[in-house]
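I am opening my notebook on this structure and writing down what I looked up, one entry at a time. I begin with strands and then turn to helices.

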Amino acid sequence: MPRRVPALLTLTLLALPAACASPSASAVPSVPNAEQSYWPAQDALSDAAEAVDGVGERWPDVYADVSLDVPAGVLLVHRIPSAGFDEAVRQLGLHVTVRFVDAQHSARALDRWVEQIAADMDYWRQRGVAVYEVGPTIGKCVNVGVGDPQRDAAAVTAHYPGVPLCVEQGAPAVPLTAD
């Protein structure tokens, strides 16, 4: 038994070739416009992030960093809650949606801990602990990527009392080659 096509769909399908065949003043160019971003709000978000970074320099014990939710068009401002900092950001008069995100640690504190752990790479290598990466997780902890987190997490954490660590599986960097 033949499938029945709804009449509205049939009319649309019949009109489509005619519409495509006729010349139009609003024809789409065959080459994409390199100046137009796929995410139109991205430039405004990036500019707003730079402005907030400037405020963050004046509030180093509060400011954790910014992140962008480009598809939603939202600038996420990570900070240890502070009415003064929040007001300073609001005073910027940004033309993007800003959402404040509570952080446990400032970027300055996390960066200091990252430097301390990165300076200890030889210490860990001599003890058979493969530390592949060290970096901050915005406002939360220092991420330490090790070869065997089940075996090494307790030793790494004990060596840095009071430092918020997220010890996770890491892997050696693999350089890319141009073939």
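Entry one, on a pair of strands. I am working with a predicted model, and I looked up strand S2, residues 74–79, which is joined to S3 by six bridges, the two strands running parallel. Within this pairing I found Leu 76 standing opposite Arg 99 in S3.

Entry two, on the whole sheet. I noted that three strands make up an open sheet, that their order is S1-S2-S3, and that the pairing is mixed. The edges are strand S1 (63–69) and strand S3 (97–102), each of which pairs on one side only. I also looked up how neighbouring strands of this sheet are turned against each other, and the average is 25° with direction ignored.

Entry three, on what lies against the sheet. I found that helix H3, residues 83–90, packs on the sheet and touches S1, S2 and S3, while the direction of H3 makes about 165° with that of S3.

I turned to helix H6, residues 149–159, and asked which of its residues are buried. I found Pro 149, Asp 152 and Val 156 to be buried, each with under 20% relative accessible area. Seen down the axis of H6, the buried residues fall within an arc of 85°, so I wrote that they line one face of the helix. On the other side of H6 I found Gln 150, Ala 154 and Ala 158, which are exposed.

I looked up what the buried residues of H6 pack against, and I noted helix H5 (121–126), strand S5 (141–146) and strand S6 (165–169).

Technical notes:
Residues numbered from 1 in each chain as written. Predicted model: local features only at pLDDT ≥ 70, side-chain atom pairs only at ≥ 80, totals over all residues. Heavy atoms only, no water. Pairing = 2+ DSSP bridges. Helix = DSSP H or I, 4+ residues; strand = E, 2+ residues; numbered from the N terminus. Axes fitted to C-alpha atoms, helices over the stretch in contact; angles between N-to-C directions. Contact = heavy atoms within 4.5 Å. Buried < 20%, exposed > 50% of the residue type's maximum accessible area, 1.4 Å probe, protein only. Arc of directions from axis to C-beta.
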